Amino acid sequence: MSEPLILGIESTCDETAAAVVRGKTLVSNVVASSMDEHARYGGVIPEIASRAHTESFVPVVSQALADANIELSDVDAIAVSAGPGLAGCLAVGVSGAKSLAWAAGKPLYGINHVIGHVAVTQLQFGDIPENTLALIVSGGHTSILHVNNIATDVSVIGTTLDDAAGECFDKVARLLGFPYPGGPHIDRHAQAGNSKALRVPQGLTQGKAAAAHPYDFSFSGVKTAVARWIESQVDQGNDINVDDVCAALADSVASVLANKTMKAARGLDSSTVIVGGGFSANSQLRAALVDAGKRYGVNVRIPEIRLCTDNGAMVAMLGSNLVSAGVKPSSADFSIDSSMSLNTICMQ
């Protein structure tokens, strides 16, 4: 068949996004973020995010179609994020996508937003080889996926047992008084600091814990260790070098993520590692993964920054893969799943 033309719609958190993909070529990509509205509260407020999605859905989808110079009737299928994510936000996107699909008579795919972070790299790097590993690092997820076929065969081989890397950064950022979102502030300060100024633990990397959880992560102890160090410095009347705290935190987290991922690549004899999710924009992590890839002889694919954060392109790209693979569309009555398993690619 000719390359499918797919409209992708994303609304899992605080970005309302839509994009059009033809085959593996991005035709249009529109994103409206409500992040500024959440900044005053120090985090995403689901009710505010849902309202923003409701207001932005029609303008964003209309702009994506206009930028692609097509009508809704021209697309071969529609893909929408059905989970995981915030329930109210997902409901807005899925309800809107169902309405569009019904009105235009188009097949609809309710896709896994997280696996979309893997698929989007095809827009930059091309086809995903068999036996590829994917490190997913976003606000709420830190997982290693084994990807044999992006449309039909994806499985979880490692995940976080507690906090995700992004959550860890957000918590430390609040301790340091950074505004939301804190990740970019930690990244910037880390570049000017000394990563050896304090010792930050690396969970599940030593002894029996590492043996029992070779590809899993734990970042809950990181925030506690940094908090206690800050408290001790305050009690002693010492000034806190924020740059050093950020550098030590970033170095610890990046090292764990890179080394565990390469260990998994060696264990599964995989020569390609894909990185996806908003946290993959972190400069220390990107550098650590590139360096580890060179040492292990692994091809590391890290997307450009605009494809790291939530966007419609990743939804449309996964939808394109599903259509090309002949996967049947989701049923008309499929529901959202805010805690969708990462073993699920598409709702049935």
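Contact here means heavy atoms within 4.5 Å, and the model shown in these views is a predicted one.

**View 1. The binding-site residues listed by UniProt.** An unreviewed UniProt entry gives Ile 136, Val 137, Ser 138, Gly 139, Gly 140, Asp 170, Gly 183, Asp 187 and Asn 282 under "binding site". Among these, Ser 138, Gly 139, Gly 140, Asp 170, Gly 183, Asp 187 and Asn 282 are found in the lining of the largest pocket.

**View 2. Ile 136 in its strand.** Let's zoom in on Ile 136, which sits in strand S6, spanning residues 132-137. Its relative accessibility is 0%, so Ile 136 counts as buried, the cut-off being under 20%. Which residues are in contact with Ile 136, leaving aside neighbours within four places in sequence? They are Val 114, His 117, Val 118, His 141, Thr 142, Ser 143, Leu 145 and Gly 276.

View 3. Next comes Gly 183, a residue of helix H7, which covers residues 183-190. Gly 183 has a relative accessible area of 19% and is therefore buried, since buried means under 20%. Not counting residues up to four places away in sequence, Gly 183 touches Phe 169 and Asp 170. Asp 170 is also one of the "binding site" residues in the unreviewed UniProt entry.

**View 4. The buried residues of helix H7 and their cover.** Stepping back to the helix, Gly 183, His 185, Ile 186, Asp 187 and Ala 190 are buried in H7. What covers these buried residues? The cover includes helix H6 (165-175), helix H10 (242-267) and helix H11 (283-296).

Terms used
Residues are numbered from 1 along each chain as its sequence is written. This is a predicted model: local features need pLDDT of at least 70, side-chain atom pairs count only at pLDDT 80 or more; totals for chains, interfaces and linings use all residues. Side-chain values use heavy atoms; hydrogens and water are left out. UniProt positions are given in the numbering used here, feature names are shortened, and annotations may be inferred rather than shown by experiment. On a 1 Å grid over the protein atoms alone, a cavity is a set of points where a 1.4 Å probe fits but cannot get out, and a pocket is an open set with protein on both sides within 12 Å along at least five of seven lines; lining residues have an atom within 4 Å of a point. Helices (H or I, at least four residues) and strands (E, at least two) are DSSP runs, numbered from the N terminus. Buried means under 20% relative accessible area, exposed over 50%, partly exposed in between (1.4 Å probe, protein chains only).
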